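Biologist: I would like to learn how to read the features of a model like this one. Please take them one at a time.

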Amino acid sequence: MTKETFYITTPIYYPSGRLTIGNSYTTVAADAIARYHRLRGADVMFLTGTDEHGQKLQQAAENSGLNPQEYVDQMVVGIKDLWQLLNISYDEFIRTTDEHHVKAVQKIFTRLYEQGDIYLDEYEGNYCTPCESFWTDSQLLDGKCPDCGREVHKMKEESYFFKMSKYQDQLLAHIESHPDFIQPASRAKEMVNNFLKPGLDDLAVSRTSFDWGVPVPFNDKHVIYVWFDAVCNYITAMGYPDNPGNMNKFWPANIHLVGKDIVRFHTIIWPIILLALGVELPKQVFGHGWLLMKGGKLSKSKLSESEERYIVDPVVLSELYGVDAIRYFLLREVAFGADGNFSNEAMMLRINSDLANDLGNLLSRTISMIMKYFPEGLPEAGEIDPLDQEIRDLADQVYLNVKESFTQLSLSDALIAIWELIGRCNKYIDQTMPWALAKDETKQARLAEVLYTLADALQRIAIMIAPFMPQTTDKMFAGLGCDLKYGSECNITWDMAGESGQYPRGIIVKKIDVMFPRIDETENMEKFRKLSADLDSKLAGEQ
Ligand code: MSP
């Protein structure tokens, strides 16, 4: 039997500045989903990368006095470092300046030209450089870009056009007959009502006013429109058209994960390119919400301008709070799909309550009680009490809920379910009072069973949180003393969280460092000031 495959993509990022915690959000979410499917045993392809062409990049390079290629080469290093820091388990990293991608995009463009779907004409309209988007006069809002509200500039130039209108009915029919294609469903409605139903204009897919792009192979005055070039990455990274090995294996993609601001490119332009090429459409485009950072204050004290800049910097935040805490916060705080606020206050609250108090305490209390009462390990199985059974049943239920939440991509619900089990285990300690059982000679078997119930539940919890907090899983395994490993030489599977009684008896638990130290606001502020000053001088040194 061939192994089930699972192909997930993130948008490819513009390497035109430092990525923020907002960009990291898409990637952390995709990483959790990819890790979950890998643990399930699927053959996963997790693709990310960088979108390196276009006028914005050319300008950013000019501003820093480098040629565009040198500039993107340098910026990509920082992006890869960030993904390593955040423990992102991507399988492939595509850069749109990769030679194989450039050649493949040229072939795609040529083919569409030869079959009459791309034609030469003249373009007159408005261009928003930060969004790399064309707008007609009637699409502008108060004369500004309807997506970002910034200034646009008038453009008149010869351009190649892509006959979007030719495929609009076919796309509409596909969207209507595949309710999962655009998710959440509200975004599908928006695309259909605002764009498809009113009718699509043909799209200008080349530019002549700058040259940092993929050259149109049969007309060297033109470079290919950056969004046309960019969306093709999802198939060129799989070897399309000349080396279709991975294409045959992984396409159609299971999920293109994108922010809501770029759903239009992924659900209209991209599928129409695929329809024109006769390539199957991806199974799903999921448009998540935005992390709003306006209220992202660190404390009541006033920040300097450079400090303000680092308040949403994922590198600074990781140093401040720890990588797993950030990953947890991003996926727990905001219902996936909706918008939500990022603030340091909310972050500290979650760390102190959910991570330090609930999870951290549960683990450290359990470990220290086992060490104290059963330094040689827990004895063979005794009798199970109804209260123990309740924990086991709840763990079974939570396991199923987490699975279902991954299917629906309701990542915050998965974490809420796991924390329900954590909360229940903490309550179970209060109910069973192991310290009281320990004082009674006749209750030793009961004491052992209580502690076993806790250790066993913690092992299941450690597996279920692996997609979200990979390092925490290994720390928990180390404390519990079991032979399980996740990060390197992984020997766990998702199914192992599905049943109770998997924790081995007779093994020695180990005291580990506090997993999530409580955050003190004042100390945190001082640490932040130092980190941002250090980063400022490091970046100044690099310039
Ligand atoms: N290069 C294009 C994507 C091309 S994909 C073929 C692009 N790049 S981007 O770097 O500007 O943005 C990448 C992703 O980051 C988008 O999905 C965007 O929604 C996401 N985010 C950027 N800031 C964000 C928040 N504050 N919150 C959540 N996601 C946000 O667009």
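Modeller: Start with a strand pair: β4 and strand β6 (residues 153-162) run antiparallel and pair over 10 bridges. Two strands count as paired if DSSP finds at least two bridges between them. Strands are DSSP runs of E with at least two residues, helices are runs of H or I with at least four, and both are numbered from the N terminus. In this pair, Ile118 stands opposite Phe162 of β6.

Biologist: What kind of model is this?

Modeller: This is a predicted model, in which local features need pLDDT of at least 70 and side-chain atom pairs count only at pLDDT 80 or more, while totals for chains, interfaces and linings use all residues. Residues are numbered from 1 along each chain as its sequence is written, and side-chain values use heavy atoms, with hydrogens and water left out.

Biologist: In what order do the strands of the sheet with β4 and β6 lie?

Modeller: The order is β5-β4-β6-β8, an open sheet of four strands with antiparallel pairing. β5 (133-135) and β8 (203-204) are the edges; each has a single partner strand, so one side of each has no neighbour in the sheet.

Biologist: How many bridges join β4 to β5?

Modeller: Three bridges join strand β4 (residues 118-128) to β5, and the two run antiparallel. Among the partners, Asn126 is bridged to Trp135 of β5, and Tyr127 to Phe134 of β5. The hairpin of β4 and β5 has four residues between the strands, and Glu132 takes a positive phi near 50 degrees there.

Biologist: How should I read a positive phi?

Modeller: Most residues other than glycine have a negative phi, and most peptide bonds are trans. Here Asn87, which is not a glycine, has a positive phi of about 65 degrees. Asn87 sits in the loop between α3 (68-85) and β3.

Biologist: β11 is a strand. What is the order of the strands in its sheet?

Modeller: Its sheet is open and has six strands with parallel pairing, in the order β3-β2-β1-β11-β12-β7. β3 (92-95) and β7 (182-183) are the edge strands, and each pairs on one side only.

Biologist: Which strands does helix α1 touch?

Modeller: Contact means heavy atoms within 4.5 Å. Helix α1 (residues 21-39) packs on the six-strand sheet and touches β1, β2 (43-50), β11 and β12 (285-288). The direction of α1 makes about 165 degrees with that of β2.

Biologist: How do I read an angle between two helices?

Modeller: Axes are lines fitted to C-alpha atoms, for helices over the stretch in contact, and angles run from 0 to 180 degrees between N-to-C directions. Helix α12 (residues 314-321) and helix α13 (residues 323-333) pack at about 110 degrees, with axes 7 Å apart. That makes α12 roughly perpendicular to α13; under 35 degrees counts as roughly parallel, over 145 as roughly antiparallel, 65 to 115 as roughly perpendicular and the rest as oblique.

Biologist: Which residues of α12 and α13 meet?

Modeller: Pro314, Leu317, Ser318 and Tyr321 of α12 meet Val323, Ala325 and Ile326 of α13. This contact of α12 with α13 has six nonpolar, one polar and no charged residues. Nonpolar covers Ala, Val, Leu, Ile, Met, Phe, Trp, Tyr, Cys and Pro; charged covers Asp, Glu, Lys and Arg; the others, Gly among them, are polar.

Biologist: At what angle do α13 and α14 pack?

Modeller: α13 and helix α14 (residues 344-373) pack at about 100 degrees, with their axes 10 Å apart. That makes α13 roughly perpendicular to α14. Contact residues include Phe329 and Arg332 of α13 and Arg350 and Asp354 of α14. The contact of α13 with α14 has eight nonpolar, no polar and four charged residues.

Biologist: How many cavities of 30 Å³ or more are there?

Modeller: On a 1 Å grid over the protein atoms alone, a cavity is a set of points where a 1.4 Å probe fits but cannot get out, and lining residues have an atom within 4 Å of a point. Grid points are joined across faces, edges and corners, and the volume is the space filled by probe spheres set on the points. The count is one cavity of 30 Å³ or more, and the largest cavity has a volume of about 40 Å³. Ile391, Arg392, Ala395, Thr453, Asp456, Ala457, Arg460 and Ser500 line the largest cavity. α18 gives the most to this lining, with four residues.

How values were computed: 1 Å grid on protein atoms, 1.4 Å probe; cavity = no way out; pocket = protein on both sides within 12 Å on 5 of 7 lines; lining within 4 Å.
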